[in-house]
Amino acid sequence: MKKHGKMFGYNGKILRIDLTKKKISSESLDKKEVIYYIGGRGIGIKKLYENKRKIDPLSPENILIFMMGPLTGFTPFSAFYNLTTKSPLTGTCLSSHSGGLFGPELKFSGFDGIIIKGKSEKPCYILIDNEVEIRDASDLWGKDCKETTDILEKEHRGKVVCIGQGGENLVRFASLMNDRDRALGRGGAGAVCGSKNLKAIVVRRNKKIDTFMEIGDEFKKALEIVKVKSKNLKKYGTSSVIDITNSLGVLPTRNFNDGEFEYAESINGDSLLKNLVKKKACFLCPIGCSNVTKTDNIITEGPEYETLCSFGSNIGNSDIKAIIRANDLCNRFGLDTISCGNTIAFAMELSEKRMIDEKIEWGDMDTVFSLIEKIAKREGIGDLLSQGTKRVSEKVGGKEFAIHVKGMDLPAYDPRGSIGMALSYAISNRGACHLRSSAYAYELFTSEHDRFSYEKSKLVKELQEIMAVVDSLLLCKFGARSAYGNSFEEFERLLKMATGMDFNTSKIGERIIKLERLYNFEEGLSIKDDTLPERFFTEETSRGYLIDKTKFKKMLDEYYKLCSWKDGKPIKKLR
């Protein structure tokens, strides 16, 4: 391995692994890339853009780019790491991130990132423990994520990210799981690992933790603000959102047929806390928003708000214990709970309309448990559903109520009652995503913006660019907003403290969005993909919410104009 010069805030090197050739090497982190893209999601898309194009996401030519940021593991709210690849679910650039303990452990191993290409002849895992090795994983193939983690943690005393049967069987919305229950969830990166016969990565730190930033008076003040703002989050985690969205008529119900669930109180935060075992926090987090819950003989982390919806209201289920079990099954098999639950919801409506032969009734959780396993193993109807909502609709019909954007299932905010989210879903570069702008926080959790106003282009553009920076630093989105106000100025101050370098974060956010967009257009997407399912333009909710298609189109055009994009496409030159 080569020696590399270290930039303050960075380890200064990226690990490269070719599974086909069994070649391990490292390269210096490019300072120009750091200044232009920071790290995490930013450098991830830069590396993906440079890779070979027009390839099958499940081919050996696709690459997996694990990247940390300059803050990862060194301040509160910085437990995150990012994974970038070409998505097998959408065909778009995929950026996914996860918290917990794995990201900081990888940072403390001495690398800023890992780039993996090729395909191993047989199942393997990567061990990073002073030296880097590619080891045989044949005895782990077929085991679920929790079993795999237990075995590898016991053997190596390190942190683990791995795939389950979903990834092994190339389910297009398969996730990777770190720390047992934390997911790199959306878009199917787990299937990319499976296509490479890569079962897991195990990391053990080889350096003493040396924080870049002392918690002085200024930072302690920020933490005090967080404690005040985050009392509800600390108590309930994200489960408290159920009551908010249901009261506002934007809680997806029965495949987005409505925005209100008559049994919402049975799946809300108070109901979840009745099954609470303990609270859990990410590395160095002062909030600890995660819930460890129990039902029967199952103990699992979560479910989060999105899962409470996808396996609760959106499939017509009011049994909180059944949601906990479904969450645990998805985590074990390595399946994205949003896409898995929503694909099943789509199948339920198909069944109701007799467009498929299988009988899958709303709220029938025994059938749901069976479907989760069939999807992971691609057995029976599970083989069809493993392809995701978009591909199912292309094979059996129902496109008008197939709830996805660019192939990615919608998260748990009905856009008919949150116009900023409608725009965010439509123009998100990875497909429907609540985290690419987090506009819901401004429309639903506060009175800062009229949620029915179509004057949202400027807000969503700025929020998208802010979140691109947050995902590159990498910071938790809760902490980024509560402690730092999602402010470019604050991010630049943090970066100066951590690295000693000056960054133009607003320009960086814009640059990341543009490069992702260029990647997608060069992969065959177009302005026509910036739209929403027809249901949201033609079918009112019980409260009468409906998106005006003419106003929506005008809002889209205003967004493109603000971005200086022609026909939805950025100019190729990136400043």
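A residue is called buried when its relative accessible area is under 20%, exposed when the value is over 50%, and partly exposed in between, with a 1.4 Å probe and protein chains only. By this definition Arg535 is buried, because its relative accessibility is 2%. The model is predicted, so local features are given only at pLDDT of at least 70 and side-chain atom pairs only at pLDDT 80 or more, while totals for chains, interfaces and linings use all residues. Residues are numbered from 1 along each chain as its sequence is written, and side-chain values use heavy atoms, with hydrogens and water left out.

Arg535 is placed in helix H23, which covers residues 535-538. Helices (H or I, at least four residues) and strands (E, at least two) are DSSP runs numbered from the N terminus. Contact is taken as heavy atoms within 4.5 Å. When neighbours within four places in sequence are set aside, the contacts of Arg535 include Asn255, Phe256, Glu349, Glu400, Arg416 and Leu546. Arg535 also forms a salt bridge with Glu539, the closest N and O atoms being 3.0 Å apart. Here a salt bridge is a side-chain nitrogen of Lys or Arg within 4 Å of a carboxyl oxygen of Asp or Glu. Glu539 counts as partly exposed because its relative accessible area is 28%.

By this rule the model has 49 salt bridges. Side chains of opposite charge can pair when their charged atoms come close. Arg135 takes part in a salt bridge with Glu133, at 3.2 Å from N to O, and in another with Glu155, at 3.9 Å. Arg135 is partly exposed, with a relative accessible area of 28%. Glu133, at 33%, is partly exposed, and Glu155 is partly exposed at 48%. Elsewhere, a network of salt bridges links Arg16, Glu27, Glu33, Lys46, Lys47 and Glu50.

Helix H4 also holds Glu153. Glu153 is counted as buried because its relative accessible area is 17%. Apart from residues within four places in sequence, Glu153 is in contact with Gly158, Lys159, Val160 and Arg180. The C-alpha atoms of Glu153 and Asp179 are 9.7 Å apart in space, and the two residues are 26 residues apart in sequence. Asp336 lies in the loop between helix H12 (320-333) and helix H13 (337-352). With a relative accessible area of 5%, Asp336 is buried. Asp336 touches Phe173, Ser175, Gly185 and Arg186, not counting residues up to four places away in sequence.

A nonpolar core is a set of buried Ala, Val, Leu, Ile, Met, Phe, Trp, Tyr and Cys residues joined through side-chain atoms within 4.5 Å. The largest such core has 130 residues, and those with the most contacts inside it are Phe311, Leu335, Ile372, Leu475, Leu532 and Phe552. Helix H19 gives the largest share of this core, nine residues. Another core, of 29 residues, lies apart from it and includes Leu15, Leu19, Val132 and Ala189. Beyond residues up to four places away in sequence, Phe311 touches residues including Asn317, Ile323, Cys340, Met365 and Ile372.

Helix H17 (residues 419-427) is mostly covered, with nine of its nine residues buried. Among them are Ile419, Met421, Leu423, Tyr425 and Ile427. The buried residues of H17 pack against S16, helix H18 (439-443), helix H19 (457-473), helix H22 (505-522) and helix H24 (549-563).

The second largest pocket has a volume of about 350 Å³. On a 1 Å grid over the protein atoms alone, a pocket is an open set of points where a 1.4 Å probe fits, with protein on both sides within 12 Å along at least five of seven lines, and lining residues have an atom within 4 Å of a point. Grid points are joined across faces, edges and corners, and the volume is the space filled by probe spheres set on the points. The lining of the second largest pocket has 18 residues, of which Lys390, His404, Lys406, Gly407 and Thr531 lie nearest its centre. Helix H16 (389-396) and strand S16 (404-405) are the elements that give two or more residues to this lining. H16 gives the most, with three residues. By class, the lining has five nonpolar, five polar and eight charged residues, where Ala, Val, Leu, Ile, Met, Phe, Trp, Tyr, Cys and Pro count as nonpolar, Asp, Glu, Lys and Arg as charged, and the others, Gly among them, as polar.
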